[in-house]
Amino acid sequence: MKTINEIREEMTNVRASLTAAAHDALALGSKEGVTVKELTAANEKTALLRAQLDALTNALKEAEATGKPKDTPADGGAPAGKGEKGMTLALRAKLKSPEYIRAWGKMVRTGLRPDKPCPSDDMRVLYDALTEVGGTPEGADGGFLVPEDVDHTIHELLRDFNSMRSLVTVETVNTNKGSRVRDNAPTKGLVELEAELGEIDDSDDQPSFVPVSYSLRKFALIIEMSRELLNDNVANLMGYVARWYAKKQTITENKLITALLNLQTAQNITPEDDEDAIRKIRSILNLALDPAISPTAMIVTNQSGLDYLDSIVDGNGRPLLTESPTTGAPMLLRTRPIMAFSDVQLPNRVVTTPGATKGTYFPLYVGDGMQYGTLFERQGLEFVTTDIGAGAFEKDSVKARGITRLGASRFDADAMVRREIFIAD
């Protein structure tokens, strides 16, 4: 049960999300040809936010009247009977109309907000839509219903970056902490009976299960933008901001996944020559990994590691790596794909202390990342803006805030091995 102060704080957060909705999708809102699907998704999300605020408002009134907070839905969710789909058909039709799309685009260019009087009849459709959702506009704390598709845009852009997400299993969760269960593989067969009617033993090699916990952490960043620049070139600026947050998101995910990979103990590969290097690298696939894991394994390294692997040839002049049939690039090692990251994202380890260990160590991970670990995320990347708080009002600027909640856990330690290719100075 929430306290009065907790309810007020949550109301502030929800109001901020409503205020930010008008700016979240500036890029999409100023474009022509917005699809019905995009508008519907925007309406559903905004209706849910407004329902959350209504529920919190009722809870606050009850708490102030009785001194005991009224139960509110978990995580500030919509009350029973007011789900995301709870909007009228008339409102759906309104948001699909060309009049609404034109009014929305004009609102973006002029900076109109719900707390201001309706300037003209052609903008009335925006105010009518707010009223139909439930209640009148709530001044600067409210927001027009907008095609809020920034999160979708960012996820599309993530595919353009060299993300490690594809290496591991990705799971969306609803809580910041939790656990999953995995079993320990059996090591013995069935027990042979001494006679046809012999007693069956139940004490040998029973199934056992191990909990694997996860804990999410919050990562965030604020970007400040000039209002003049935002109004002059909405689509390009917001597109830039989306790409910026997408890159930051990818870097954050990659750091978590790299830390997960580095839980494995590294063993050095110190090749005497190319033939020796080929033998040691191939033995990883043959011996270090379980036969069930090796066929689905992939090789992860950086630019330096890829360059080294690509330079190795055997005594007959045959390279260690073979060309991919799709790209023609040398990105296969015995049919296993290679994923190479920049040396900045996946740096080499350099030892400068004089001695036998002085040199450069190229990272090399071999295994099935899907079996090895999971990246947990909650709610995706939250992207909101404000022109009121955080000093934006005083500077006449707009501040964009991105928040993401992520965590990574290892499931099967035997599904991945870590090596370092040592090149002595």
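User: Before we start, what kind of model is it, and how are residues numbered?
Analyst: It's a predicted model, where local features need pLDDT of at least 70, side-chain atom pairs count only at pLDDT 80 or more, and totals for chains, interfaces and linings use all residues. Residues are numbered from 1 along each chain as its sequence is written, and side-chain values use heavy atoms, with hydrogens and water left out.

User: How many cavities of 30 Å³ or more are there?
Analyst: Two. A cavity here is a set of points, on a 1 Å grid over the protein atoms alone, where a 1.4 Å probe fits but cannot get out. Volume is the space filled by probe spheres set on the points, which are joined across faces, edges and corners.

User: What lines the second largest cavity?
Analyst: Its volume is about 60 Å³, and the lining is Leu167, Val168, Leu261, Met298, Val300, Tyr365, Gly367, Gly369 and Met416. Lining residues have an atom within 4 Å of a point.

User: Switching topic: which residues touch the most others in the largest nonpolar core?
Analyst: Leu167, Leu309, Ile312, Leu320, Leu333, Leu364 and Val366, out of 42 residues. Such a core is a set of buried Ala, Val, Leu, Ile, Met, Phe, Trp, Tyr and Cys residues joined through side-chain atoms within 4.5 Å, with buried meaning under 20% relative accessible area (1.4 Å probe, protein chains only).

User: Which helix gives the largest share of this core?
Analyst: H10, with five residues.

User: What does Leu320 touch?
Analyst: Ile278, Ile281, Arg282, Leu309, Ile312, Leu332 and Leu333, leaving out residues up to four places away in sequence. Contact means heavy atoms within 4.5 Å.

User: Back to Leu309, which residues of helix H11 are buried?
Analyst: In H11 (residues 303–311), they're Ser304, Gly305, Leu306, Tyr308 and Leu309. At the helix start, a side-chain oxygen of Asn302 comes to within 3.3 Å of the backbone nitrogen of Ser304.

Note on methods:
On a 1 Å grid over the protein atoms alone, a cavity is a set of points where a 1.4 Å probe fits but cannot get out, and a pocket is an open set with protein on both sides within 12 Å along at least five of seven lines; lining residues have an atom within 4 Å of a point. Buried means under 20% relative accessible area, exposed over 50%, partly exposed in between (1.4 Å probe, protein chains only). Helices (H or I, at least four residues) and strands (E, at least two) are DSSP runs, numbered from the N terminus. A polar contact is a pair of N or O atoms within 3.5 Å; within protein, one must be able to donate a hydrogen and the other to accept it, and residues adjacent in sequence count only if both atoms are side-chain atoms.
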